[in-house]
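Dear colleague,

I am handing over the structure below, and my notes on what was found in it follow.

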Amino acid sequence: MTGPYYKYKTYYDMVHNEKSSEIPSVKPLSEKLKLTILYGLCFLVSSHYVTIDYAKTDELYQHGYWYATLFMVPMFFVFRMRMYSAWVLSECVCIMSTLGAYPIASKPKCGQGPTVKYSKEEETSVEEYNFETVHNIDGYKCDFTATFRDAMRGWNMTVQWWLANFVYRRVPSKAWRTSVTMFVSAFWHGVHPGYYLSFMTVPVILLAEDLMIKAFRTPENEKTYDWLNWFFRMRGFEYLSMGFLLLTWNHTIRYWMASYFIVHVLCAIFISIAILCKPKRKKRENTASDASVSTEVKKEN
């Protein structure tokens, strides 16, 4: 139940690989175990001080707006440390059983497996294997990449691959692809309203992010803009995580309402600003180009 997702072909290749005992797994396993220990310790320590049950009590909301709103910051840290440790540990299980082990020459991708054909002779080169097929979490990417979209791609990666290939790309209308995919993802998680409230907010966040990037991000300000984008997209993840953890409609809406639906409001503001500013920017560019053309004409005359 923790992942990673893998195809039947991946399982079949593991079972029928006569040289599975020769596949080097100690080094990749030790690297994953180091991460498991790190994430596990972070989860054990942080969960001792911060629990989701506190968000279900009246006490949280008696400390004022910012106290209640900022509670989602440490709560999301606890949540993602729990998920990171579980996912990396599940990768360790796959590595120990050589599930998802393919020659590097086959260029395996997360969830998909080999992307190019490889000969059986290449399987004898025991130093040329990796477990990218069952690579399910990229903690660094989730925590530090600038955009919400890229951070999502580092989260539950094998399931993301399945959703992209078997849901997103099969939706006829491009306008509804993200919404339908998020709905299916919510259903995959369960029937709790919190899942649907969180997942169906994702398309709004992505729309706001895409519009703002198109309107304001330039080569000159990309570093500053990316830092700001990272700050706001982390708040988006924290906000959505409360739906995952609170689960019920009443608890989720109560918490979001206490924060004055801060992420929904910010998305509405960003979308409005981006729409209003983007035409003006194009107009300025057209004016500048017209001015340069008229200058060149005057020079020729």
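Does Thr133 count as buried or exposed, and at what relative accessibility? Thr133 counts as buried because its relative accessibility is 0%, where buried means under 20% relative accessible area, exposed over 50% and partly exposed in between, with a 1.4 Å probe and protein chains only.

Please keep in mind that this is a predicted model, in which local features need pLDDT of at least 70 and side-chain atom pairs count only at pLDDT 80 or more, while totals for chains, interfaces and linings use all residues. Residues are numbered from 1 along each chain as its sequence is written, and side-chain values use heavy atoms, with hydrogens and water left out.

The protein has 13 helices and two strands, which are DSSP runs numbered from the N terminus (helices H or I, at least four residues; strands E, at least two). Of its 301 residues, 42% are buried.

Thr133 lies in the loop between β2 (129-130) and α5 (139-144). Leaving aside residues up to four places away in sequence, Thr133 touches several others, among them Thr10, Tyr102, Cys110 and Thr158, contact meaning heavy atoms within 4.5 Å.

Elsewhere, Val159, Trp162 and Leu163 in α7 meet Thr181, Val184, Ser185 and Trp188 in α8. The residues of this contact divide into five nonpolar, two polar and no charged; Ala, Val, Leu, Ile, Met, Phe, Trp, Tyr, Cys and Pro count as nonpolar, Asp, Glu, Lys and Arg as charged, and the others, Gly among them, as polar.

With kind regards
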